[in-house]
Amino acid sequence: MQRVADALFDEWQEELKQYSSENLRQSSRRQLDDTRRQYDRLIDVMKSAESRMGPVLSAFKDQVLFLKHNLNARAISSLQQNADQIQSDVERLVREMEASIKEANTFIEEMHLSS
């Protein structure tokens, strides 16, 4: 931003030489000077704000990291609860399959005995 502003001010300064009317040149020069002063104040305010941004951004980053890690911990905890439920479901399924196998074996044995 500063390079662009400096280039514009330099161009404006150079173009002052192109006026044939001294009154218009002086008016434009005053406007250039006023604009440069306003710009300089703006830059000072922006630099001051920039110097105070570091600690704020650092604190914000800390908060984001803490939230991220907290959410990660909750997600892992949730996964553990899901894993416990899956383990329970698998154990129940294995018991049901063992019961079905036992019934099938009994049926097969009865078929052999009756033949």
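**A serine and its helix**

Guide: S28 counts as buried because its relative accessibility is 8% (buried means under 20% relative accessible area, exposed over 50% and partly exposed in between, with a 1.4 Å probe and protein chains only). The model is a predicted one, in which local features need pLDDT of at least 70 and side-chain atom pairs count only at pLDDT 80 or more, whereas totals for chains, interfaces and linings use all residues. Residues are numbered from 1 along each chain as its sequence is written, and side-chain values use heavy atoms, with hydrogens and water left out.

S28 belongs to helix α2 (helices are DSSP runs of H or I of at least four residues, strands runs of E of at least two, numbered from the N terminus). Once neighbours within four places in sequence are set aside, S28 is in contact with W12, L16 and Y19, contact meaning heavy atoms within 4.5 Å. The buried residues of α2 are R25, S28, L32, Y39 and I43, and they pack against α1, residues 2-15. An α-helix has 3.6 residues a turn, so residues three or four places apart point the same way.

Beyond its neighbours within four places in sequence, Q2 is in contact with Y39, I43 and K47. At 37% relative accessibility, however, Q2 counts as partly exposed. Q2 and D40 lie 38 residues apart in sequence, yet their C-alpha atoms are 9.9 Å apart in space.

Helix α2 runs over residues 22-114 and bends by about 35 degrees at M53, with a proline, P55, following within four residues. The bend is the angle between axes fitted to the seven residues ending at a position and the seven starting there.

The protein as a whole gives the setting. Its secondary structure comes to two helices and zero strands. The radius of gyration, taken over C-alpha atoms, is 40 Å, well over the 13 Å that the globule rule gives for 115 residues, so the protein is more spread out than a compact globule; the rule is 2.2 Å times the number of residues to the power 0.38. Along its principal axes, the C-alpha trace spans about 125 × 30 × 15 Å. Of the 115 residues, 7% count as buried, and S28 is one of the buried residues.
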